[in-house]
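Welcome! Take a look at the sequence and the model, then read on.

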Amino acid sequence: MSQDQLIKNCKKKQPKAQADLYKRYASVLFSVCLKYAPNYAEAEDILQDAFIIIFDKITQYKNKGSFEGWLKRVAINTALQRYRKPGVYSLVNEENIKEVEVEVEEEAIPLDYLLSIIQELPDRYRMVFNLYVMDGYSHREISELLTISQGTSKSNLARARMILKEKIETSQHSLQSKSHLQ
């Protein structure tokens, strides 16, 4: 079935079409959810919630732009909804923030490890990091999405980078120590 036909059938709330849509896009959307969730189980919950919203609001998709992009936006917004509670995003004095550049020997750090340390970040840092670095949102867009100031977005990104840099450096040092011992 073509994507256009699948969308039309989903708009008619046909269960088979909804199941097909889920099968076709679940893995792509799960990877999006996993970026924003602190763990695998939470990502699964976000994915389920996202599909409920997708099936409920699919009539709002007007065939403008990428359908997969629309689905990803729903998944991201669903993930962000979970973390939009007061106190999750803290304001930090921007004067003390420095841009952190992380240099990584590409082959030294496995991708699974990088993803796991990103997931370990506190919610406020993980959300901003993923929106800015992984999904290409600007600080202005992030501030609107998360209802925080642009300064808070910048400070949370800087803190996330600092934490990741420390974890990567620690990992690289331990890998170098192990290689020297052998």
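Read along the sequence, this predicted model follows the pattern α-α-α-α-α-α-α-α. That makes 8 helices and 0 strands.

**The protein as a whole**

- The protein has 182 residues, and 40% of them are buried.
- Its accessible surface comes to about 10,800 Å², and carbon and sulfur atoms account for 50% of that area.
- Take the contacts between residues at least 6 apart in sequence: 70% of these join residues at least 24 apart.

**Helix 2 and helix 3**

- Helix 2 covers residues 15–36 and helix 3 covers residues 40–57; the two pack with their axes 9 Å apart.
- The angle between them is about 135°, and helix 2 and helix 3 are therefore oblique to each other.
- Their crossing is right-handed.
- On the helix 2 side, the residues that meet helix 3 include Tyr22, Ala26, Leu29, Phe30 and Cys33.
- On the helix 3 side, the residues that meet helix 2 include Tyr40, Ala43, Leu47, Phe51 and Phe55.

**Leu47, a residue in that pairing**

- Leu47 has its place in helix 3.
- With a relative accessibility of 5%, Leu47 counts as buried, because the cut-off for buried is under 20%.
- Setting aside residues up to four places away in sequence, Leu47 touches Tyr22, Ala26, Leu29, Phe30 and Cys33.

**Gln119 in helix 5**

- Gln119 is found in helix 5, which spans residues 111–120.
- Its relative accessible area is 17%, so Gln119 is buried.
- The side chain of Gln119 reaches the backbone oxygen of Ala37 at 3.5 Å.
- Not counting residues up to four places away in sequence, Gln119 touches Leu34, Ala37, Pro38, Asn39 and Arg126.

**His139 in helix 7**

- Helix 7 runs over residues 139–146 and holds His139.
- His139 has a relative accessible area of 12%, so this residue is buried.
- The side chains of His139 and Ser153 are joined by a polar contact of 2.7 Å.
- Leaving aside neighbours within four places in sequence, His139 is in contact with Tyr132, Gln150, Ser153, Lys154 and Leu157.

- Most residues other than glycine have a negative phi.
- Lys13 is not a glycine, and its phi is positive, near 60°.
- Lys13 lies in the loop between helix 1 (3–11) and helix 2.
- Is Lys13 buried or partly exposed? Its relative accessible area is 47%, so Lys13 is partly exposed.
- Thr147 is not a glycine either, and has a positive phi of about 50°.
- Thr147 sits in the loop between helix 7 and helix 8 (150–181).
- Thr147 has a relative accessible area of 65%, so this residue is exposed.

Key: Residues numbered from 1 in each chain as written. Predicted model: local features only at pLDDT ≥ 70, side-chain atom pairs only at ≥ 80, totals over all residues. Heavy atoms only, no water. Helix = DSSP H or I, 4+ residues; strand = E, 2+ residues; numbered from the N terminus. Buried < 20%, exposed > 50% of the residue type's maximum accessible area, 1.4 Å probe, protein only. Polar contact = N/O pair within 3.5 Å; in protein donor to acceptor, adjacent residues only side chain to side chain. Contact = heavy atoms within 4.5 Å. Areas by Shrake-Rupley, 256 points an atom, 1.4 Å probe, with all protein chains shown as cover. Axes fitted to C-alpha atoms, helices over the stretch in contact; angles between N-to-C directions. Parallel < 35°, antiparallel > 145°, perpendicular 65-115°, else oblique. Left-handed = near helix turned anticlockwise from the far one by under 90°.
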